[in-house]
Amino acid sequence: MISPERSPSQSPRSPAAAVAGAPFLSISVTDPVKMGTGVQAYISYRVITKTNLPEFEGPEKIVIRRYSDFEWLHDRLAERYKGIFIPPLPEKNAVEKFRFSKEFIELRRQALDLFVNRIASHPELKQSEVLRVFLQADEEKMDRARSYETGIFKKPADFLQMFKSKVSDVVLGKEKPVEECTPEYEKLKNYIFELENHLAEAQKQAYRLVKRHRELGQSLAEFGKAIKLLGACEGDVLEKVFSEVGSKSEMLSIKLQREADNLLFNFEEPLKDYVRAVQSIKATMMDRANAFRQHFDLDQERKYKELNLEKLKFMNPEKYAEAESEFRGLKADSEEATKKFEHIVRLTNEELARFQEQKTADIGLAFHEFAKGQAKLAKDIADAWRGVIPKLEACLTS
C-alpha cells in the first residue's frame with residue numbers, strides 16, 4: 001500500500017521551492033512506466049525541469065529517462081568533481097519478484113527525485129554541463145552520450161576491493177602504506193565509520209518496525225474476522241458486541257498498515273538514504289587518499305632528484321643541464337599534485353559541513369514524522385478500544 005498522504009510527483013525531502021523572482025532550478029521525477037518484457041524490462045520516468053537560468057534551453061523541459069541514465073549522471077559527476085560528495089543513487093538490483101512492485105517503484109522514484117534535486121541545489125554540481133545534458137537531451141542524444149563516455153568511475157565494491165588489495169600488499173611486505181596521519185584526518189575517518197555503523201543499525205531497526213506494524217495489522221484483520229464469526233455463533237447480546245470488537249480490529253488493521261507505509265517512506269527510507277550517502281563520502285575519502293599518495297610520492301621524488309642534482313652539478317656538469325630541465329618538470333608536477341590535494345581537502349571540509357547541516361534537518365524531520373505518526377496511531381488505538389469497554393462491561397453484568 002502506498003501512503004495516500006504524499007503526492008506521487010514530488011519527494012517529501014526535495015528542496016523547497018525558490019523565492020519568486022530568484023534564480024531557480026526545480027526538477028521532478030514522475031510517472032514511472034514499465035517498458036519491455038522479461039529480462040529486458042525496465043522502468044522509465046518523466047523528468048520535468050522548470051528553471052529561469054539562462055544556460056538552459058527554456059523555462060520547461062520534459063525528457064524520458066531510465067535508471068542507467070541517472071547512473072550515467074552520477075558517474076560523470078564523480079569523475080569530474082573530486083572532493084565533492086556526489087548524492088547517492090538507490091540500489092540498482094532488487095529481488096526479481098519485487099522489482100516491479102508498486103512499493104519498490106515508488107521508493108525508487110522518490111530516491112531518484114531526491115538524487116537529482118540534491119545535485120540541482122548544490123552550488124558546484126548544478127553548474128555542470130553533464131547535468132544540463134541529462135535534463136535536456138532527447139533520448140537519442142542521451143544514448144550517444146552514455147555509450148561515448150564509458151568512464152572509469154569505480155563503484156563502492158571496487159573501492160572495498162582496492163582497500164583489501166592494499167592491506168594484502170602491506171601484510172605481504174609488497175608496499176608500505178602511505179596515508180595522512182593528521183589528527184583532523186583521523187577524527188574524520190573515525191566519524192565516518194561510526195556514523196555508518198550507527199545509521200545502518202538505526203535503519204535495520206526501522207525496517208523491523210515497519211515489518212512489525214504490518215504483521216500486527218494483518219493479525220488484527222484476521223482476529224476481527226474470527227471474533228465476528230464467534231459472535232454470530234453465540235447470537236443475542238454477544239453477537240452485537242463481538243461484531244463491534246471485530247469491526248474495531250479491522251479498522252485498526254487498516255490504520256496500522258497505513259502507519260507501516262508512513263514509516264517506510266518517511267522514516268526508514270530517509271535513514272537508508274543516509275546509509276547510502278556515507279558510501280558517497282567514503283568514495284570521496286578514497287579520492288582524497290589517492291591525491292595524498294600522489295602528492296607524497298612526487299614530493300619524495302622531487303627531494304631525491306634535488307639532492308642528486310646538487311651532486312651532479314659538481315660531479316658531471318655535462319649532464320647537469322638535462323637533469324635540471326627534468327627536475328623543473330618534476331617540481332611543477334609535484335606542486336600541481338600538492339595544489340590538487342589541498343583543493344580536495346578544502347572541498348571535503350566544506351562538503352562535510354554541508355552534509356552535517358542537511359543530515360540534521362533530514363533526520364530531524366524523519367524522527368518528527370515517526371513520533372507524530374506513532375502518537376496518532378496510539379490515540380486511535382486507545383480511542384477504539386475505549387469505545388467498546390462499556391459494552392463489554394455491560395455483558396459482564398447482564
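This is a predicted model: local features need pLDDT of at least 70, side-chain atom pairs count only at pLDDT 80 or more; totals for chains, interfaces and linings use all residues.
Strands of a sheet pair through backbone hydrogen bonds, either parallel or antiparallel. Here, nine bridges join β1 to strand β2 (residues 42-51) in the antiparallel sense, and seven bridges join β2 and β3, again antiparallel.

Strands β1 and β2 form a hairpin with six residues between them. In its turn, G36 has a positive phi of about 75 degrees. A positive phi also occurs at D31, about 50 degrees, although D31 is not a glycine. D31 is placed within strand β1 (residues 25-35). With a relative accessible area of 42%, D31 is partly exposed. Strand β2, in contrast, is mostly covered, as seven of its ten residues are buried.

L112 lies in helix α2. L112 counts as buried because its relative accessibility is 0%. Beyond its neighbours within four places in sequence, L112 is in contact with V29, Y45, Y67, F70, L89 and P90. One of these residues, L89, is 23 residues from L112 along the chain, and their C-alpha atoms are separated by 6.7 Å. F70, in helix α1, is likewise buried, with a relative accessible area of 0%. With the same exclusion of neighbours within four places, F70 is in contact with V29, Y45, V47, R65, L89, L112, F115 and F134.

In soluble globular proteins, nonpolar side chains tend to be buried together. The largest nonpolar core in this model has 32 residues. Those that touch the most other members are L25, V47, F70, L73, V116, F134 and L135. Two or more residues of this core come from each of β1, β2, α1, α2, α3 (129-136) and α4 (139-148). A second, separate core has 26 residues, including L107, L188, A206 and L264.

Aromatic pairs number nine. One of them joins Y45 and F70 edge-to-face, at 6.1 Å centre to centre and with 90 degrees between the planes. This pair links distant parts of the chain, since Y45 is in strand β2 and F70 in helix α1, 25 residues apart. Y45 counts as buried because its relative accessibility is 1%. Y45 and F70 also belong to one aromatic cluster together with F115 and F134.

Another aromatic pair, Y274 with F355, is tilted, at 5.7 Å centre to centre and 55 degrees between the planes. Because Y274 lies in helix α7 (residues 236-315) and F355 in helix α8, the pair ties together parts that are 81 residues apart in sequence. Both residues are covered: Y274 counts as buried at 2% relative accessibility, and F355 is buried with a relative accessible area of 9%.

Helix α8 (residues 317-397) also holds E369. Apart from neighbours within four places in sequence, E369 is in contact with N262 and N266. E369 and L263 are 106 residues apart in sequence, and their C-alpha atoms are 8.2 Å apart in space.

Charged side chains also lie over aromatic rings. K34 lies over the face of F100, at 4.4 Å from the ring centre. R66 lies over the face of Y42, at 3.7 Å from the ring centre.

Note on methods. Residues are numbered from 1 along each chain as its sequence is written. Side-chain values use heavy atoms; hydrogens and water are left out. Helices (H or I, at least four residues) and strands (E, at least two) are DSSP runs, numbered from the N terminus. Buried means under 20% relative accessible area, exposed over 50%, partly exposed in between (1.4 Å probe, protein chains only). Two strands pair if DSSP finds at least two bridges between them. Contact means heavy atoms within 4.5 Å. A nonpolar core is a set of buried Ala, Val, Leu, Ile, Met, Phe, Trp, Tyr and Cys residues joined through side-chain atoms within 4.5 Å. Rings of Phe, Tyr and Trp (its six-membered ring) pair if their centres lie within 6.5 Å; planes under 30 degrees apart count as stacked, over 60 as edge-to-face and the rest as tilted. A charge sits over a ring if NZ of Lys or CZ of Arg is within 6 Å of the ring centre and within 35 degrees of the ring normal.
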